[in-house]
Amino acid sequence: MIMNIPFGYEYVEITATEKNPIKHLVVRVATTPPEALESLRDYDKTYFEHMGEHPIEFIEE
């Protein structure tokens, strides 16, 4: 599956979290503009539908 980089990708961090200690894609919901957040959530949903896993962890802080 080939997917383009979604709008708002500049708000994605590559970091480890308590939930997942391995570095992965993370979006902090509170600091991401609504349009970018919607685009990133759509990307995550589409990826999940095709690959069966979520590539982005959304952190509600």
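## Strands and their pairing

In this predicted model, β1 and β2 run antiparallel and are joined by four bridges. Within this part of the structure, Ile14 has Leu25 of β2 standing opposite. Strands of a sheet pair through backbone hydrogen bonds, and the pairing may be either parallel or antiparallel.

The sheet to which these strands belong is open and is formed by three strands in the order β1-β2-β3, with mixed pairing. Because β1 (12–15) and β3 (56–59) each have a single partner strand, they stand at the edges, and one side of each is left without a neighbour in the sheet. From one strand to the next, the twist averages 40°.

## The helix across the sheet

Helix α1, which covers residues 34–51, lies across β1, β2 and β3.

His24 is found in strand β2, which covers residues 24–28. The relative accessibility of His24 is 15%, and because buried means under 20%, His24 counts as buried.

The side chain of His24 makes a polar contact with the side chain of Glu57 at 2.5 Å, and the side chain of His24 also reaches the backbone oxygen of Ile22, at 2.7 Å. When neighbours within four places in sequence are left aside, the residues in contact with His24 are Glu13, Ile14, Thr15, Ala16, Thr17 and Glu57.

Notes
Residues numbered from 1 in each chain as written. Predicted model: local features only at pLDDT ≥ 70, side-chain atom pairs only at ≥ 80, totals over all residues. Heavy atoms only, no water. Helix = DSSP H or I, 4+ residues; strand = E, 2+ residues; numbered from the N terminus. Buried < 20%, exposed > 50% of the residue type's maximum accessible area, 1.4 Å probe, protein only. Polar contact = N/O pair within 3.5 Å; in protein donor to acceptor, adjacent residues only side chain to side chain. Contact = heavy atoms within 4.5 Å. Pairing = 2+ DSSP bridges. Axes fitted to C-alpha atoms, helices over the stretch in contact; angles between N-to-C directions.
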